[in-house]
Amino acid sequence: MILSALIFILVAGGLLAWMANLWHSDSAKWVALATVGIELVLAIWLWLQSASAMALPAHGGWLAETRAEWIPRFGVSFHLAMDGISLILVVLTAFLGVVSVACSWTEIQERAGFFYLNLLWTLAGAVGVFLALDLFLFFFFWELMLVPMYFMIAIWGHENRQYASIKFFIFAEGSGLFMLVAILALVFVHYRGTGVLTFDYFELLNTAMSPSTELWIMLGFFIAFAVKAPIVPFHTWLPDAHTEAPTAGSVILAGVLLKTGTYGLLRFVVPLFPEAAGYFAPVAMALGATGVLYGAFLAFAQTDFKRLVAYTSVSHLGFAVLGIFAWNPWSLGGAVMQMIAHGISTGALFVIAGILQERTHTRDMRRFEGLWSVMPRLAAMGLFFAIAALGLPGMGNFVGEFLVLMGLYRASSVLASVAGVAFVASVVYALALVQKTFHGENTHGWQLHDLSGREMATLYSMAAITLWLGLYPQPVLDAAPNTPNSPPAIAVARHEVNAQ
């Protein structure tokens, strides 16, 4: 029952934090910290217990599984399972949960109990998404993430929080309805062919359907995951949501919620619809390459610190989309590594942005110049995570992007060349962020205190993980699927042959 515990600990912890705030104003954050701490300990314990067996079913097996009847009349069950990629994403979620509570320690003063309720329930929904193997249950957790995140942005966000929260909810809920229709269509197609009404992932694999039906149902899933990933042109909600969210909201959005989109592509779109995914792969990869360049160049044009970091997410996760649809051992390992490394490095940049805004009450980088002499420890961390984001060798982002490009070259040398240009663009926006924020003269007369012990512990731990991912990536790469002969890679190769 440990898989159920990973979800219900967060749900119960959120309720307890909400109630604890009625007794004492500071008790909610301590309850929330204890909850995510227990979650992280359980996740790491599972990792250590399963280290030798960590793999996707393609070359290993499931590490843990639990199933119980829920709505048997309609074939709905409470089915959770964990493999390598689920496990590392749950560990990432738990760790960023600790980071989110830490960076909210002094930022959130009003209605703190309700804030931590929403934070922990968002994490619970994300963990459920990474573990659910019943499609109805998956959709339930998918929707569970949205409402508490909406409240986090709408209540504790910044100047334009109402606009950003409503835009986020409309995009997320609208795309979720596409997925719901696609799930029902898949279930009914399976029922018509077999006479069995079920939402179970394993039962729905290899469902017989016509190529056109498979393509249309696959597109329903793809749109939902493309909005959350985010893939251009479905990304327009992201800069506003990131910019207006509180620091913890931005960390969870970048580090966890965006990963549910790429996880959905990896877990559901390709395995459930292999032929349609293979046919659609060139289009998906073209969208991914567009996002890589588009996000990098728009990031360079920003003056708002958080908005710049938000656009880098569009670029970095474009690499993950390329890796997933290239679908070979190199690209898949790179996609998984990019998902994890991006969650850490971009989450850290949002933590830095939150620290700066809490002290200066602005996000405008044109007013930050000269901060290196005022806050040297924060500036050093800003430089570290900026060069991590641009893909410096020795850090996790480099491993992910390098492996994606290696795998992508096997599928499409043209797209690999286009994506390679993003390396140059990422250098430009990363150095611009450092130069505008920390270098120059302190013309605005800032007199600010540097990182506190809590903030140093948060950022230093994230820096250590980034270095570990870059210097010893094998544990994460072991979790990546290894299916070199799957339909997408074959389809892309065939597409290039036909083009020649």
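**Notebook: loops, helix pairs and cavities**

I started with Pro 230, which sits in the loop between helix H8 (211-228) and H9. Helices here are DSSP runs of H or I with at least four residues, strands are runs of E with at least two, and both are numbered from the N terminus. This is a predicted model, where local features need pLDDT of at least 70 and side-chain atom pairs count only at pLDDT 80 or more, while totals for chains, interfaces and linings use all residues. Residues are numbered from 1 along each chain as its sequence is written, and side-chain values use heavy atoms, with hydrogens and water left out.

Then I checked Arg 111, in the loop between H3 and helix H4 (112-131). Arg 111 is not a glycine, yet its phi is positive, about 50°. I noted these because most residues other than glycine have a negative phi, and most peptide bonds are trans.

**Entry: H6 against H9**

Two packed helices are described by the angle between their axes and the distance between the axes. For helix H6 (residues 161-194) and helix H9 (residues 237-244), I got an angle of about 135° and axes 9 Å apart. That makes H6 oblique to H9. My cut-offs: under 35 degrees is roughly parallel, over 145 roughly antiparallel, 65 to 115 roughly perpendicular, and the rest oblique. The axes are lines fitted to C-alpha atoms, for helices over the stretch in contact, and angles run from 0 to 180 degrees between N-to-C directions.

H6 passes H9 in a left-handed crossing, meaning the near helix is turned anticlockwise from the far one by less than a right angle; clockwise would be right-handed.

Which residues of H6 and H9 meet? Arg 161, Tyr 163, Ala 164, Lys 167, Phe 168 and Phe 171 come from H6, and Trp 237, Asp 240, Ala 241 and Glu 244 from H9. Contact means heavy atoms within 4.5 Å. I sorted this contact by class into six nonpolar, no polar and four charged residues. Ala, Val, Leu, Ile, Met, Phe, Trp, Tyr, Cys and Pro count as nonpolar, Asp, Glu, Lys and Arg as charged, and the others, Gly among them, as polar.

**Entry: H5 against H10**

Helix H5 (residues 135-156) and helix H10 (residues 247-272) have axes that come within 12 Å and cross at roughly 160°. H5 is therefore roughly antiparallel to H10, and the crossing is left-handed. Residues making the contact include Trp 142 and Met 145 of H5, and Leu 257 and Phe 268 of H10. My class tally for H5 with H10 was 13 nonpolar, three polar and no charged.

**Entry: cavities**

How many cavities of 30 Å³ or more does the structure hold? I found two. On a 1 Å grid over the protein atoms alone, a cavity is a set of points where a 1.4 Å probe fits but cannot get out, and lining residues have an atom within 4 Å of a point. Grid points are joined across faces, edges and corners, and the volume is the space filled by probe spheres set on the points.

The largest cavity has a volume of about 90 Å³. H13 gives the most to its lining, with four residues. The lining has four nonpolar, four polar and four charged residues.

The second largest cavity has a volume of about 30 Å³. Among its lining residues are His 316, Glu 401 and Tyr 429. H16 gives the most here, with four residues. This lining divides into six nonpolar, three polar and one charged.

Terms used: 1 Å grid on protein atoms, 1.4 Å probe; cavity = no way out; pocket = protein on both sides within 12 Å on 5 of 7 lines; lining within 4 Å.
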